[in-house]
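Please examine the chain below with attention to its helices, its charged side chains and its backbone geometry. The paragraphs that follow take up these topics in turn.

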Amino acid sequence: MKPITVIFIGRSGSGKGTQARMLEDYIRDNDSQNLPVLYLETGKAFREFIKGSSLGSELANKRVATGERQPDFLAIWMWAHTVVLTLEAEMHLIVDGTPRSLPEAEILQTALDFYVRQDVHIIYLQVSREWSINHLRNRGRADDINMSSIEQRMSWFDDQVMPAVEFFKASGKVNFSEISAEQNIEQVHADIMKKVFGIEEKVEA
């Protein structure tokens, strides 16, 4: 299997992490060359970062408390330093939840160009605003209880993330796929397999 890059974008609750992990498992189980997989999850990186004692951690934590969006430079640093230190030519790359703005998307594209990543797939897991809100409320996580916070995340996605989605959709440099994530998990995974590898998987109803 040649090295691939798959970038997952979608609203909160669309299943980015679940689908990214399922894809990672498939690659690890089916790559006869056993190429390593670099998995970038910016949300997890942020959660670890704000636990620190640096000034940046303190200021980022204050933004979390007030519901403000983190600045682009910090989001870019979260994945860029890992890419610089870790990414090799013969390595698969899976990105979960990045980019979150148009400037970040543009910077990410420069990184993909620099590292000559030739088989790049953008998977936009599409769900409606209403579906996402209902899903977040039903899953009952601590950060999904406050309705105003959920609404704020929905507006961030519409205002900030969608321009990044449209950027990749129109770029011509990547394989862009829009997949409905309002289906069951197995069907979403099957749709991703078809788009990324051309594999037809039968999913029981």
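The bend at a residue is the angle between two axes, one fitted to the seven residues ending there and the other to the seven starting there. Helices (H or I, at least four residues) and strands (E, at least two) are DSSP runs, numbered from the N terminus. The model is a predicted one, in which local features need pLDDT of at least 70 and side-chain atom pairs count only at pLDDT 80 or more, while totals for chains, interfaces and linings use all residues. Residues are numbered from 1 along each chain as its sequence is written, and side-chain values use heavy atoms, with hydrogens and water left out.

At M78, α4 bends by about 30 degrees. M78 is also among the buried residues of this helix, which are D72, L74, A75, I76, M78, W79 and V83. Here buried means under 20% relative accessible area, exposed means over 50%, and partly exposed lies in between (1.4 Å probe, protein chains only). The cover over these buried residues includes β2 (37-41), α2 (42-49), α3 (55-66) and α5 (102-114).

Charged side chains form the next topic. A salt bridge is defined as a side-chain nitrogen of Lys or Arg within 4 Å of a carboxyl oxygen of Asp or Glu. By this rule the structure has twelve salt bridges. In general, side chains of opposite charge can pair when their charged atoms come close.

Within helix α1, R21 and E24 lie three residues apart, about one turn of the helix. An α-helix has 3.6 residues a turn, so residues three or four places apart point the same way. The side chains of R21 and E24 meet in a salt bridge with an N to O distance of 2.7 Å. R21 counts as partly exposed because its relative accessibility is 36%, whereas E24 is buried, with a relative accessible area of 7%. Both residues belong to a network of salt bridges that links R21, E24, R28, E41 and R47.

Helix α3 holds another pair, E58 and K62, four residues apart and again about one turn of the helix. Their closest N and O atoms are 3.8 Å apart in a salt bridge. At 43% relative accessibility, E58 counts as partly exposed.

A further salt bridge, at 3.0 Å from N to O, joins the side chains of K173 and D113. This pair links distant parts of the chain, 60 residues apart: K173 is in the loop between α7 (147-171) and β5 (175-180), and D113 is in helix α5. K173 is exposed at 53% relative accessibility, and D113 is partly exposed, with a relative accessible area of 38%.

Setting aside residues up to four places away in sequence, D31 touches M1 and H92, where contact means heavy atoms within 4.5 Å.

P163 is found in helix α7 and is partly exposed, with a relative accessible area of 31%. Apart from neighbours within four places in sequence, P163 is in contact with L102 and D158. Another proline, P99, lies in the loop between β3 (92-96) and α5, and the peptide bond from T98 to P99 is cis, with omega near 10 degrees.

The loop between α1 and β2 also contains N34, a residue other than glycine whose phi is positive, near 55 degrees. N34 is exposed, with a relative accessible area of 59%. V116, likewise not a glycine, has a positive phi of about 50 degrees. The place of V116 is the loop between α5 and β4 (120-126), and at 53% relative accessibility V116 counts as exposed.
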